[in-house]
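Subject: Structure handover

Hello,

My notes come after it.

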Amino acid sequence: MTTIREEDFVTSVADAFQFISYYHPADYIRDLWAAYQREESPAAKDAMAQILINSRMAAEGHRPICQDTGIAIAFIRAGMDVRWETKNSLAQLVDEGVRRAYTDKDNPLRASILADPDGKRVSTGDNTPAVTHVELVPGDKVEVIVAAKGGGSENKSKFAMLLPSDSIVDWVLSIVPTMGADWCPPGILSLGIGGSPEKAMLMAKWAMMEPMNIHELKARGARNRAEELRLELYEKVNALGIGAQGLGGLSTVLDVKVADYPTHAASKPVALLPNCAATRHLHFTLDGSGPASFEPPSLDDWPKLSLDFAKSRRVNLDTLTKAQIATWKAGETLLLNGKLLTGRDAAHKRMVDMLGRGEKLPVDLGNRFIYYTGPVDAVRDEVVGPAGPTTSSRMDKFVEPVLAQTGLIGMVGKSERGPAAIESIRKHGAVYCIAVGGAAYLVSKAIRASRVLAFADLGMEAIREFEVKDMPVTVAVDASGSAVHRSGPAQWRAKIGKIPVAVV
């Protein structure tokens with residue numbers, strides 16, 4: 001009988017979460033590089049280049065790929081012949097591993113987990129508890145999959161109870177465009193079909209941890225209905241033209257996974273889960289011989305790329321005026337220099353609440369830009385840890401009161417804005433720019449100074465002032481209301497020509 005020691009299990013979990021914070025799976029880098037080489041859209045190609053360069057930098061520097069270091073998830077298949085040398089539950093052991101990983105002094109990871117989710121929403125401080133799933137199976141080994149899932153992609157999870165005669169392909173093609181770029185494509189779409197509602201969701205989550213192999217499947221052909229769906233959806237989702245970061249292009253998904261299970265005659269439950277550019281998971285097995293060890297990938301697995309900013313407009317944020325930003329056009333690339341404020345969900349809610357009470361804000365937003373980010377804590381000689389953009393649409397409800405009452409002229413974030421936010425931007429002559437989601441470590445290298453100005457109690461959501469030098473962004477919504485997340489995908493969907501473009 002195999003005996004698994006508590007310390008071996010906890011150490012393995014902790015080391016695994018550290019490992020995936022800075023190493024992409026090799027198959028993701030391989031397929032993203034191949035997609036980059038095929039891509040014809042300059043904007044999408046640039047976005048993929050930033051993700052690839054960021055990934056290599058994170059691997060070299062052992063710092064997080066993305067500032068959103070995720071909710072910790074563990075799938076455990078425990079052999080029934082295994083004896084556990086512990087008095088704690090497996091969930092408690094996973095939590096201890098997560099606690100150690102996320103509070104590591106050399107590479108601290110962002111604590112994103114909040115207790116009292118519909119109340120005070122207070123950080124637990126160490127990213128626990130994890131979400132742990134346990135299955136008893138025959139054998140004398142313990143198989144573990146750990147994953148760190150970012151909020152942007154998790155928030156785009158979809159579920160439907162379709163009628164038995166409904167088309168899953170039609171449902172997916174109707175849903176994916178509504179997901180926009182919040183899930184940071186290009187990534188993976190994973191479907192769970194059948195069983196019961198919770199079974200479908202779990203199958204989809206499990207399936208996205210499987211190796212990426214769509215091109216091998218295309219070469220040999222489908223052998224069952226699930227594989228037929230994978231191939232059909234891979235082609236048709238990419239034909240939507242959404243592209244990297246939603247900018248329009250040939251590659252929206254790098255792979256599609258499908259897992260199915262017998263279901264009730266009256267039902268067809270379907271779960272659709274995306275995995276973003278910060279794909280992070282690791283598989284290991286414990287056999288009683290000690291903790292798991294993880295072989296670092298070779299840096300030769302990463303392409304050597306450099307960014308070309310020759311055509312980008314250099315901008316001084318400290319002297320910027322509305323008249324100047326009125327000359328910018330959607331799709332134009334910029335290099336931001338000067339002082340850039342930060343603030344995201346909690347900070348915006350607090351500011352808008354203060355404005356509603358007629359109170360003075362602690363920071364003057366007049367003629368300023370604000371960056372939606374929640375950075376990782378700095379270590380060693382860093383000014384700030386990885387500081388990529390968060391999903392901007394979560395701030396849409398705050399755009400009108402902030403622009404109308406504070407004099408703010410610009411916002412920087414990730415992915416598209418909703419119709420009301422775009423109209424507010426147009427009405428007030430403001431602008432919205434995007435940084436590349438999944439390039440957090442690369443972005444942080446453009447930040448030369450950082451200080452907290454207000455709401456320090458909000459932790460990573462506090463208002464900070466960054467001093468930036470040549471921070472690369474793209475104009476996503478210009479002062480006239482033109483939006484690249486509308487025009488880009490429509491243009492490329494028409495170019496690809498496999499799915500009709502609706503006439504608006």
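What follows is a short account of the helix contact, the cores and some backbone details.

This is a predicted model, in which local features need pLDDT of at least 70 and side-chain atom pairs count only at pLDDT 80 or more, while totals for chains, interfaces and linings use all residues. Residues are numbered from 1 along each chain as its sequence is written, and side-chain values use heavy atoms, without hydrogens and water.

Helices (H or I, at least four residues) and strands (E, at least two) are DSSP runs numbered from the N terminus. Helix H11 (residues 345-356) and helix H12 (residues 396-406) have axes that come within 10 Å and cross at roughly 55°. Axes are lines fitted to C-alpha atoms, for helices over the stretch in contact, and angles run from 0 to 180 degrees between N-to-C directions. H11 and H12 are therefore oblique to each other (under 35 degrees is roughly parallel, over 145 roughly antiparallel, 65 to 115 roughly perpendicular, and the rest oblique). On the H11 side, the contact (heavy atoms within 4.5 Å) is made by Asp345, His348, Lys349, Val352 and Leu355. H12 supplies Phe398, Pro401, Val402, Gln405 and Thr406.

A nonpolar core is a set of buried Ala, Val, Leu, Ile, Met, Phe, Trp, Tyr and Cys residues joined through side-chain atoms within 4.5 Å. Buried means under 20% relative accessible area, exposed over 50%, and partly exposed in between (1.4 Å probe, protein chains only). The largest core has 96 residues, and Phe9, Phe17, Phe284 and Met411 touch the most other members. Helix H3 (residues 42-61) gives the most to this core, with 10 residues. Apart from it lies another core of 30 residues, including Leu162 and Ile193. Leaving aside neighbours within four places in sequence, the contacts of Met411 include Phe369, Leu403 and Tyr432.

Leu458 sits in the loop between strand E18 (447-454) and strand E19 (463-477). Its C-alpha atom is 7.6 Å from that of Ala347, 111 residues away along the chain.

Most residues other than glycine have a negative phi, and most peptide bonds are trans. Phe455, in the loop between E18 and E19, has a positive phi of about 60° and is buried, at 11% relative accessible area. Arg121 has a phi near 50° and counts as partly exposed at 47%. Cis peptide bonds join Thr128 to Pro129, with omega about 0°, and Pro185 to Pro186, with omega about 10°.

Regards
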